Amino acid sequence: MSSPLPLPQQFLSGAPLGTRVVVRYRIEGGLTDALGELVGRADGECTVRTRRSDVVIALGLVVAAKEVPPAPPRRGPRLPTP
């Protein structure tokens, strides 16, 4: 029998910094996600570096979190067709 999955807070507390994660957490009016690199942990919070900014998330607001694969390489600009 497999062991139960860790709570999202336990995952975020134990995952190595630099791990690419997606974190779903509560905000006023609903839920939102942060997708990026786990770059910090302190005082009941974690920090996820997204493409736009660093997002500081209180662990008590987290409802789900998991590791995700590396981002695919960005595509270059399209060349005009003759």
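P70 sits in the segment that follows β5. In this predicted model, P70 has a relative accessibility of 70% and therefore counts as exposed, the cut-off being over 50%. P70 and T19 are 51 residues apart along the chain. Their C-alpha atoms are separated by 9.1 Å.

The interior was examined next. Nonpolar side chains tend to be buried together in soluble globular proteins. Here, the largest nonpolar core comprises 15 residues. L12, V23, Y25, I57 and V62 have the most contacts inside this core. At least two core residues come from each of α1 (8–14), β1 (20–27), β2 (30–42), β3 (45–49), β4 (54–58) and β5 (62–67). β1 provides the largest share, with 3 residues.

Y25 is one of the core residues with the most contacts inside the core. Residues up to four places away in sequence aside, Y25 touches G30, L31, T32, D33 and A34, along with V55, I57, L61, V62 and V63. Two of these partners, I57 and V62, are themselves among the core residues with the most contacts.

The loop between β3 and β4 holds T50. A polar atom of the T50 side chain lies 2.8 Å from the backbone oxygen of S53. With residues up to four places away in sequence left out, T50 touches A34, L35, G36 and V55. A34 and V55 are also touched by Y25.

Technical notes
Residues numbered from 1 in each chain as written. Predicted model: local features only at pLDDT ≥ 70, side-chain atom pairs only at ≥ 80, totals over all residues. Heavy atoms only, no water. Core = buried A, V, L, I, M, F, W, Y, C linked by side-chain atoms within 4.5 Å. Buried < 20%, exposed > 50% of the residue type's maximum accessible area, 1.4 Å probe, protein only. Helix = DSSP H or I, 4+ residues; strand = E, 2+ residues; numbered from the N terminus. Contact = heavy atoms within 4.5 Å. Polar contact = N/O pair within 3.5 Å; in protein donor to acceptor, adjacent residues only side chain to side chain.
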